[in-house]
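Subject: Structure handover

Hello,

Please read them with the model open.

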Amino acid sequence: MTRKVLFLSIVITYVLMVFGGIVTSTGSGLGCPDWPLCHGQLLPFQLKEEIPTPPAPMVVETKLQPWIEQTHRILGAVAGLLMLASLVLVWKNFLGFPRKAMVWIFLFLILEALLGMRVVLTEAPLLKEFLHYVYTTSHLILSVLILSGLTFAYFSVAERVEEEPKIPFAEPLYVLVMFQILVGILVRYVKAADFNVFAYFFHITYAMGLIIFTLYIMLKKFDRYTFVTFLLVAGQVVAGIATVITKLFLPVLFFHIAIGFLLVIWLSYMVAPAVLKNKFVMGREVQVEGA
């Protein structure tokens with residue numbers, strides 16, 4: 001049961017983060033200017049007057065901003081409930097690392113919710129002030145950490161215990177990819193011309209290096225794990241280049257976002273055996289009387 005709820009938490013969190021790309025791309029971050037309601041209502045269909053288009057930057061214009069934003073919030077609430085259920089189940093059935101991981105994840109989740117509220121109430125999607133950049137980038141970075149942490153927690157309660165990473169150089173590759181994601185977030189949100197140009201070209205050059213590194217890993221040990229890793233990294237880079245060439249064509253942009261967050265899950269699972277080595281003795285399921 002614990003593993004199933006944790007797995008579902010990862011899936012819903014992933015969908016939530018990909019949907020967040022839709023929120024940003026359609027300028028829906030201010031589609032509901034209040035929080036947690038949307039124009040004073042729980043659901044947008046209760047609104048009786050036409051809602052003006054929010055002034056946030058967008059890639060594609062649509063009249064569905066309130067629906068998109070409130071759907072994103074509802075997905076966030078579902079993900080939060082699943083994480084709370086995961087915390088309760090892990091605390092009841094496991095000791096050691098799984099407990100600590102879920103406590104930290106839940107604390108991050110609370111901070112994430114507070115940041116989300118600040119993003120809306122301060123109109124951070126307009127990116128007019130320094131704090132706006134802090135709120136928006138921190139919001140996304142915390143989401144990535146939560147997604148990765150949930151994957152580690154899921155691995156730690158798995159029945160099969162492994163002490164070696166599933167791919168060579170899993171730890172440095174994980175660190176390198178997480179840094180690349182951080183740079184990508186800065187490229188997406190930071191509009192300062194000089195820094196943005198530098199970050200943009202660094203982002204592309206760094207991505208080429210990641211492809212070469214993962215190709216080396218695959219050639220060193222060719223199996224399904226290294227092959228999928230190479231495909232995900234290469235696919236992410238190709239999608240990023242296509243995003244630029246197509247001038248942020250929405251399907252390509254979503255594909256880029258979706259592969260990026262899927263890569264976080266995959267690499268977290270690949271590196272988990274090395275990170276959690278020697279932490280499984282206290283991480284096995286506790287036998288309940290009468291079970």
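Helix H7 (residues 224-245) packs against H8 with the axes 9 Å apart and an angle of about 155° between them. Since angles over 145 degrees count as roughly antiparallel, H7 and H8 are therefore roughly antiparallel to each other. The crossing in which H7 passes H8 is left-handed. On the H7 side, the contact is made by Tyr225, Val228, Thr229, Leu232, Val233, Gly235, Gln236, Ala239, Gly240, Ala242 and Thr243. H8 contributes Val252, Leu253, Phe255, His256, Ile259, Gly260, Leu262, Leu263, Trp266, Leu267 and Met270. Sorted by class, the contact of H7 with H8 has 15 nonpolar and seven polar residues, and no charged ones.

Please note that this is a predicted model, and that the values here are computed from it.

H8 also meets H1. The axes of H1 and helix H8 (residues 250-275) come within 10 Å and cross at roughly 150°. This angle, too, is over the 145 degrees used as the cut-off, so H1 and H8 are roughly antiparallel to each other. H1 passes H8 in a right-handed crossing. From H1, the residues involved are Ile10, Tyr14, Met17, Val18, Gly21, Ile22 and Ser25. They meet Leu250, Leu253, Phe254, Ile257, Ala258, Phe261, Leu262 and Ile265 in H8. The class count for the contact of H1 with H8 is 13 nonpolar, two polar and no charged residues. Leu253 and Leu262 are listed among the H8 residues that meet H1, and both are also listed in the contact of H8 with H7.

The other packing that I noted for H1 is with H2. Helix H1 (residues 2-25) and helix H2 (residues 65-93) have axes 9 Å apart, at an angle of about 160°. That makes H1 roughly antiparallel to H2. H1 passes H2 in a left-handed crossing, whereas H1 passes H8 in a right-handed one. The residues of the contact of H1 with H2 divide into 18 nonpolar, nine polar and one charged.

Phe169 lies in the loop between helix H4 (130-156) and H5. Its phi is near 55°, a positive value in a residue other than glycine. Phe169 has a relative accessible area of 36% and is partly exposed. Pro172 is found in helix H5 (residues 170-189). At 36% relative accessibility, Pro172 counts as partly exposed. Pro172 and Val271 are 99 residues apart along the chain, with their C-alpha atoms separated by 9.2 Å.

Some totals for the whole protein:

- Of the 291 residues, 48% count as buried.
- The accessible surface comes to about 15300 Å², and carbon and sulfur atoms account for 72% of that surface.
- Among contacts with a separation of 6 or more, 77% are between residues 24 or more positions apart.

Regards

Notes: Residues are numbered from 1 along each chain as its sequence is written. This is a predicted model: local features need pLDDT of at least 70, side-chain atom pairs count only at pLDDT 80 or more; totals for chains, interfaces and linings use all residues. Side-chain values use heavy atoms; hydrogens and water are left out. Axes are lines fitted to C-alpha atoms, for helices over the stretch in contact, and angles run from 0 to 180 degrees between N-to-C directions. Helices (H or I, at least four residues) and strands (E, at least two) are DSSP runs, numbered from the N terminus. Angles under 35 degrees count as roughly parallel, over 145 as roughly antiparallel, 65 to 115 as roughly perpendicular and the rest as oblique. A crossing is left-handed if the near helix is turned anticlockwise from the far one by less than a right angle, and right-handed if clockwise. Ala, Val, Leu, Ile, Met, Phe, Trp, Tyr, Cys and Pro count as nonpolar, Asp, Glu, Lys and Arg as charged, and the others, Gly among them, as polar. Buried means under 20% relative accessible area, exposed over 50%, partly exposed in between (1.4 Å probe, protein chains only). Contact means heavy atoms within 4.5 Å. Accessible areas come from the Shrake-Rupley method with a 1.4 Å probe; for residues, only the protein chains shown count as cover.
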